[in-house]
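Visitor: I have a new model on my screen and would like to learn how to read it feature by feature. Could you walk me through it?

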Amino acid sequence: MFYLILSILSSISVGVFLKVLKKNKTDIFQIIILNYITTVFLSFFIFKPNIQFSDNFPFLLISSLGILLPTIFVMQYLSIKNTGIIKTDIAQRMSLFIPILASIFIFKEDISNLKYIALLIGFLSIGFILKKEDNSNIKTKYSFLYLVFVFFGFGIIDICFKQVALYSTTPYTTTLFFIFCMALILSIIFYGSYLKIINQRFIITKKTVFFGSLIGVLNFMNIYFYLNAHKAFSSNPTVVFAGMNYGVILLGTLIGYFYFKEKLSKLNVLGLLLSVISIGLLIYSQLSS
């Protein structure tokens, strides 16, 4: 549970800094690249990965996450821009349905009645917490597609990271290093092509370097602790999937209220209480099993 808490705190920190970035007019694509430069650097010097390829090397898993991670980062940004942050947040959090279904039908987890009750309460809490007035009025012809990409993207990424944690032939630290490398290479190719299309030069600022590196450190911690949580709860992936999502929503809402002075309705407060109950039931179900 300690790893899961650390992963939630790291994820929340990334979200907070992304909110701060919106006010500082930084280039999100440069932030993504610097983020992956930092994660590659950290994973290389901390994990000291084995660069040699074995017969059972997880090429497909590395390719999938290497493509998905930077892609979903961009899709999340475009979704916020075209549909608003509230709808995007709902799509991201409701993606929890995908890994939960995977836990039942792919990982064959034996889910107790208490866990089912906790999940139901948790899903209700998501609806209540995210039920806020959306004044963005931002729409494009195919804006709903961004929400679809966010929904499926985050859900599939969760499943892939579970597979990384369970993969026994190659250490997950080595796999993670190669995932970050591929994500970095694709991010550079994408951004370079984008600059060429709009005929713009690559200009980087000290502020961008600072925020990009900081988010990279937090993102590295988030994924590393998330994988450790999956290894610790290898037979109970639902606890990690649900605990991560409910924990992020709960803490994110509280930070939004106390730090960013966001307003909360009575339904939002009810949602917070339900999320606490849901997380408590998940922890109790795990301790009693």
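## Reading the model step by step

Guide: Let's begin with one residue and its neighbours. Setting aside residues within four places in sequence, Val209 is in contact with Leu34 and Ile204. Please keep in mind that this is a predicted model.

Visitor: Where does Val209 sit, and is Val209 buried, partly exposed or exposed?

Guide: Val209 belongs to helix H9. Its relative accessibility is 36%, so Val209 counts as partly exposed, since that class lies between the 20% and 50% cut-offs.

Visitor: What can I learn from Gly212 in the same way?

Guide: Gly212 lies in helix H9, which spans residues 206-232. With a relative accessible area of 0%, Gly212 is buried. Not counting residues up to four places away in sequence, Gly212 touches Ile31, Leu34, Asn35 and Thr38. Leu34 is also a contact of Val209. For another separation, take Gly212 and Thr83: they are 129 residues apart in sequence, and their C-alpha atoms are 25 Å apart.

Visitor: Let's step back to the whole chain. What is its secondary structure?

Guide: Count the elements, then read their order. The protein chain has 11 helices and zero strands, giving the pattern α-α-α-α-α-α-α-α-α-α-α along the sequence. Its radius of gyration is 19 Å, close to the 19 Å from the globule rule for 289 residues, so the chain is as compact as a globular protein of that length.

Visitor: What size of box do the C-alpha atoms fill?

Guide: Along the principal axes, the box is roughly 55 × 50 × 35 Å. Of the 289 residues, 49% are buried.

Visitor: How should I read the contacts across the chain?

Guide: Look at sequence separation. Among contacts between residues at least 6 apart in sequence, 90% join residues at least 24 apart.

Visitor: And what does the surface look like?

Guide: Start with the total, then look for patches. The accessible surface of the chain comes to about 15100 Å², and carbon and sulfur atoms account for 68% of that. One nonpolar surface patch is formed by Phe144, Leu145, Val148, Phe149, Phe152 and Ile156, which together have about 530 Å² of accessible area. Phe144 lies in helix H7, residues 143-166, and counts as partly exposed at 48% relative accessibility.

Visitor: How many disulfides does the structure hold?

Guide: The general idea first: a disulfide is a covalent bond between the sulfur atoms of two cysteines. This structure holds zero disulfides.

Note on methods: Residues numbered from 1 in each chain as written. Predicted model: local features only at pLDDT ≥ 70, side-chain atom pairs only at ≥ 80, totals over all residues. Heavy atoms only, no water. Patch = residues over 30% accessible without salt bridge, like charges linked within 9 Å, V, L, I, M, F, W, Y side chains within 5 Å. Areas by Shrake-Rupley, 256 points an atom, 1.4 Å probe, with all protein chains shown as cover. Salt bridge = Lys/Arg side-chain N within 4 Å of Asp/Glu carboxyl O. Helix = DSSP H or I, 4+ residues; strand = E, 2+ residues; numbered from the N terminus. Buried < 20%, exposed > 50% of the residue type's maximum accessible area, 1.4 Å probe, protein only. Rg over C-alpha atoms; globule rule 2.2 N^0.38 Å. Contact = heavy atoms within 4.5 Å. Disulfide = S-S within 2.5 Å.
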